[in-house]
Each structure stands twice: as C-alpha cells, then as structure tokens.
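Hi,

Here is the structure you asked about, with the sequence alongside. Have a look first, and then read on for what turned up.

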Amino acid sequence: MSEPSSPLLRHKAAEEPSVFLPEALIREARRQKDLPEAMVPDVCVLDPDGDIVRHLRRTGLVRPVAAWCCYHSEMHAFPLGGRELGIVGCAVGAPYAVLLAEQMFASGCRALVSITSAGQITPVGRTPYFVVIDRALRDEGTSHHYLAPSDFVDAPPGLVSKAIEALRTTDCSFHVGASWTTDAPFRETQRAIDAARAQGVLAVEMEAAALYAFAKASGRPVLCLAHVTNTMAQAGEDFEKGADNGARDALDVLAALTRILPP
C-alpha cells in the first residue's frame, strides 16, 4: 500500500510509543524549577476561553497549584462539589489542549473535562446552550498523531450517558451531539459548514477531536462540552455567554459532572 500523499498522514504509526514522553518533560521542569514531586488534583479542567478562571480569581476561590510544572501554563485549584479541581485557562486549540492533557495525566490527574465556546452549526435552540460532545469530526492535525485516519472520533464509552444524567439535575440548557473540530476558525467556509451540518454536527470548536483521540489512545477519561454562544458573528449581539461570561453556568455544569467522574 502506498503512503498517503499528505505529510499530515505519513509516518505516524499511531500504534508505536513516543520517544518523547510527558514524564520526561515534567522531570526536567521540576529539576529546573526546583519543584518537589507532588500530584495535581484528580479532576482537571481545560478552560479555553479563560472566563471560568477569571471569574474564580475575582471571587478569590483559587490558589496556584505548586505541583504543576508545565512550562506553558499555570494551574489553579478550586473547591467544587465537595472536591478540589485543577483548572488551566486559555488552552485554545487542539495541539495546546493535548499537550496540557498529557502532562495533567502524567502529574496525577484521573479525569479531564474541557468546556469551550463554540459556534452553532445546526440550530437546536436559542444560544447560549451546552452540547455534550459524543463524537468529534477530525478536521485538525493533532488527532492524526494518536489514531489512524477516520472521519470522527467518539467520546470515551459510558462518559456521555453519565454526563447526561448528571446535567439533568441542573437548570442549564444542554443537548447531546457531534462537534466539528477545526484548526482554522477563520476558514469556516459555507461549503465546510454545509458539509458538517449534513453529517449531523451541532457545533464547531477547536479541541474535542484531539482530546478524544488522546483519550482513546491512552484509555483516559476525557469529556468535552461545547458552550454554543454564537452564530459566527452572522448577527448582532453575538458571542453572549450569560452571567459572568458564562462562568456561573459552566461551574454549575462542572459541579454536576464531579459526581460522575472517577474519585
């Protein structure tokens, strides 16, 4: 069989182990920063917009996680639902989200939730609302380093159904369905939008396909939610997320999810 024409798909060998490991990076970061070995909270959150982190800072509910030694970010811890969670803000895009996820799990994380703003592809209600992403269209590069080519990658088995039951106990508006993960938000052409809609996609975002590919390859529990807030600025007063830029609703969602995530 001939090699694919695109370098994106050549020489990936998703079944082979990586030479460069997150544990090695963590080891050297701890050495350079003179940090002790310690674990991060067992539930971690990616907040690509940074609105949850900014809200928590304003309320004084967060503290820095000294054990977090990633070169590229800061982690904060905060109490929620009787547990302590770790959160990293502004984790935008598939490569950065998975770089953080790899290091989170290598540092003691046992479950990861990502909540990101998203554009509406198929209207299912008045924005804003949440979508529990059950599968993601792989229109980015990172996932192809973890899994063989396919159109979609599914959420980890069992997590979505548990999340649905948990979110039914909240007042937040949510739906369940597919997202389209893209690396190029300003190349969301009408042709691409129509194609995604024809495949049943509800929303477009930038991280889920890569995070789910990482989850499938590593056996890690990762759940991605899209906070659908906009119609790609095709109308006035778009991108409205709600109170405190959507942070309150996102925290309600997270509080419900803490009950179904691994202890």
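Let me begin with two helix pairs. Helix 2 (residues 51–59) and helix 7 (residues 247–257) have axes that come within 9 Å and cross at roughly 95°. Angles of 65 to 115 degrees count as roughly perpendicular, and helix 2 and helix 7 are therefore roughly perpendicular to each other. On the helix 2 side the contact is made by Asp51, Ile52, His55 and Leu56, and on the helix 7 side by Ala247, Arg248, Ala250, Leu251 and Leu254. Sorted by class, this contact of helix 2 with helix 7 has six nonpolar, one polar and two charged residues. Before you go further, please keep in mind that this is a predicted model.

The other pair is helix 1 (residues 22–33) with helix 3 (residues 94–106): their axes also come within 9 Å, and they cross at roughly 75°. If you want to find the spot on screen, look for Pro22, Glu23, Leu25 and Ile26 in helix 1, which meet Glu102, Gln103 and Ala106 in helix 3. By class, the contact of helix 1 with helix 3 has four nonpolar, one polar and two charged residues.

Now for the inside of the protein. The largest nonpolar core has 75 residues, and those with the most contacts inside it are Leu46, Trp68, Met104, Leu112, Leu211, Leu223 and Leu225. Which element gives the largest share of this core? That is helix 6 (residues 208–218), with eight residues.

On to the aromatics, where the count comes to two pairs. Phe105 and Phe214 form a tilted pair, 5.8 Å centre to centre with 45° between the planes. This pair links distant parts of the chain, with Phe105 in helix 3 and Phe214 in helix 6, 109 residues apart. Put together, Phe105, Tyr146 and Phe214 form one aromatic cluster.

A few backbone details are worth a look too. The peptide bond from Thr127 to Pro128 is cis, with omega near 0°, and Pro128 is found in the loop between strand 5 (111–120) and strand 6. In the segment before helix 1 you will find His11, which has a positive phi of about 60° although it is not a glycine. His11 counts as exposed because its relative accessibility is 67%, and the cut-off for exposed is over 50%. Ala13 is in the segment before helix 1 as well, and Ala13 has a positive phi of about 45° without being a glycine. With 30% relative accessibility, Ala13 counts as partly exposed.

Thr142 is in the loop between strand 6 and strand 7 and has a relative accessible area of 12%, so Thr142 is buried. Not counting residues up to four places away in sequence, Thr142 touches Ala94, Pro95, Val98 and Ala210. Phe130 lies in strand 6 and is buried, with a relative accessible area of 2%. What does Phe130 touch? Apart from residues up to four places away in sequence, Phe130 touches Ile115, Cys172, Ser173, Phe174, His175, Ala226, His227, Asp249, Ala250 and Val253. The C-alpha atoms of Phe130 and Thr229 are separated by 8.7 Å, although the two are 99 residues apart along the chain.

Cheers

Conventions: Residues are numbered from 1 along each chain as its sequence is written. This is a predicted model: local features need pLDDT of at least 70, side-chain atom pairs count only at pLDDT 80 or more; totals for chains, interfaces and linings use all residues. Side-chain values use heavy atoms; hydrogens and water are left out. Axes are lines fitted to C-alpha atoms, for helices over the stretch in contact, and angles run from 0 to 180 degrees between N-to-C directions. Helices (H or I, at least four residues) and strands (E, at least two) are DSSP runs, numbered from the N terminus. Angles under 35 degrees count as roughly parallel, over 145 as roughly antiparallel, 65 to 115 as roughly perpendicular and the rest as oblique. Contact means heavy atoms within 4.5 Å. Ala, Val, Leu, Ile, Met, Phe, Trp, Tyr, Cys and Pro count as nonpolar, Asp, Glu, Lys and Arg as charged, and the others, Gly among them, as polar. A nonpolar core is a set of buried Ala, Val, Leu, Ile, Met, Phe, Trp, Tyr and Cys residues joined through side-chain atoms within 4.5 Å. Buried means under 20% relative accessible area, exposed over 50%, partly exposed in between (1.4 Å probe, protein chains only). Rings of Phe, Tyr and Trp (its six-membered ring) pair if their centres lie within 6.5 Å; planes under 30 degrees apart count as stacked, over 60 as edge-to-face and the rest as tilted.
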